[in-house]
Structure formats: structure tokens, C-alpha cells
Amino acid sequence: TDVQGSLEALSVSLEKMQFAEAAAKIVGKGVGMIGEADILQAEAAGATVYGFNVEATESASMLAQDKGVPVKVFRVIYDLLDDVKARLEGMIDTETVRVALGRAVIKKIFRAEKSYAIAGGFAEDGKIQKGAKVEIFRNGASQGMGKIDELQSGKQAAPEIRMGSEFGMKLSSRATLAEGDILEVFVEEQHKKQLTNQEMSQ
């Protein structure tokens, strides 16, 4: 950093970036221009060099390029902290989130095969969507999972069916369907996990 006060403020904020999924670790710090010694220390630690209101010397810049050490320079403290936090968030895996769409009841089984069934249903809540997944319930107990391959409203193909409507469908599933079964319809979305526990101090 440029001055000791900046170094202390940044050090305190960075040391607070301790989350359950990822954390920031300071492997070296100092006041003044970024020099070759900083680059070599970062290379040994597999670290990134951050500068605040300072630049790297010409020889340090050349060495950083040669060694493949990232050097990032900022003029605003919060921009530097945001960059570090974004890198921590980038280390976190995504999680699969189940998003409920609607609920339907099976009214009629027209054809039942080992891997799929043709059935008629009634949308009790939300919407029934082509391509969505379903969990099949009978008397409150899960019978297995499935996927809606085709939907029909009347005799016409439909992308979705709204609450209060009857429909026909082709449902892929290894489970055996029965009249009266409840279908919980949902899609799965990939969400980036959020950093948890201690929040970053700004």
C-alpha cells in the first residue's frame, strides 16, 4: 500500500474474510512500490499481489509476467475488497435447488410401460410444465421420480397447463402410476452458494 494507515485498514478487512467455504490469507504485506521480492513471495505461496495506490516497479512487472503471478492494483479500498470477495465466491461450488412449480392429481391411466406412462391429470395448484420433473406420491409416501416429456390440452400439444385445467401427458418414470397419485412438479436450478458466517467488514 501507499501508507501504513491504508495497510492496517486493508489488513483488518482481509483478515475478517473468514468464511466456512473459503477464506483470505495474507502471506506478505508492506508499504511502498511492489518489488521483485513481493512477486517471488507470491509465486512461492501461489498468491495474488494486490496493490493499493501503488504500482509495481518495471522489473517486478516483468518478473510477474515471467512467473505468471497476478498483480492487481486499485485506487479505492472497497474495489480491492470486492475483488477479493468475488474471488472467494468463485471458489465455491454450485448447489442444485429444487423450485416447486405446481401439483397435479392422476385421473386416468391410459397406458403403462416399464419406463413411461400415458395419463390424464388435473392441475390442482400452480402450473404443470413440459420438461419439468415430478415426484410421485401415493397416500403421502413418495413412489419415485419422473419427468414430463409431453403435455396436451384437449388434443393440442401444450408447453404448460395452469391450475384448474385437465390435461394429458407422457411421463417418463420407473415408478408405477395409479389413479389418485399426486404429482409434485418442479424444476432444478443451479445456484451459486453464498458465503456464510462472518460477513466482510467494510
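**Helix packing**

Modeller: Helices α2 and α3 cross in a right-handed manner, a crossing being right-handed if the near helix is turned clockwise from the far one by less than a right angle, and left-handed if anticlockwise. The model is predicted, with local features requiring pLDDT of at least 70 and side-chain atom pairs pLDDT 80 or more, while totals for chains, interfaces and linings use all residues. Residues are numbered from 1 along each chain as its sequence is written, and side-chain values use heavy atoms, without hydrogens and water.

Helices (H or I, at least four residues) are DSSP runs numbered from the N terminus. The axes of α2 (residues 36–45) and α3 (residues 58–67) come within 8 Å and cross at roughly 20 degrees; axes are lines fitted to C-alpha atoms over the stretch in contact, and angles run from 0 to 180 degrees between N-to-C directions. α2 is therefore roughly parallel to α3, a term for angles under 35 degrees. Glu36, Ile39, Leu40 and Glu43 of α2 meet Ser59, Ala60, Leu63, Ala64 and Lys67 of α3, where contact means heavy atoms within 4.5 Å.

The second pair is α1 (residues 4–15) and α4 (residues 77–90), whose axes come within 11 Å and cross at roughly 25 degrees. These two helices are therefore also roughly parallel to each other, and α1 passes α4 in a right-handed crossing. Leu10, Ser13 and Leu14 of α1 make the contact with Ile77, Leu80, Leu81 and Val84 of α4.

Notes: Angles under 35 degrees count as roughly parallel, over 145 as roughly antiparallel, 65 to 115 as roughly perpendicular and the rest as oblique.
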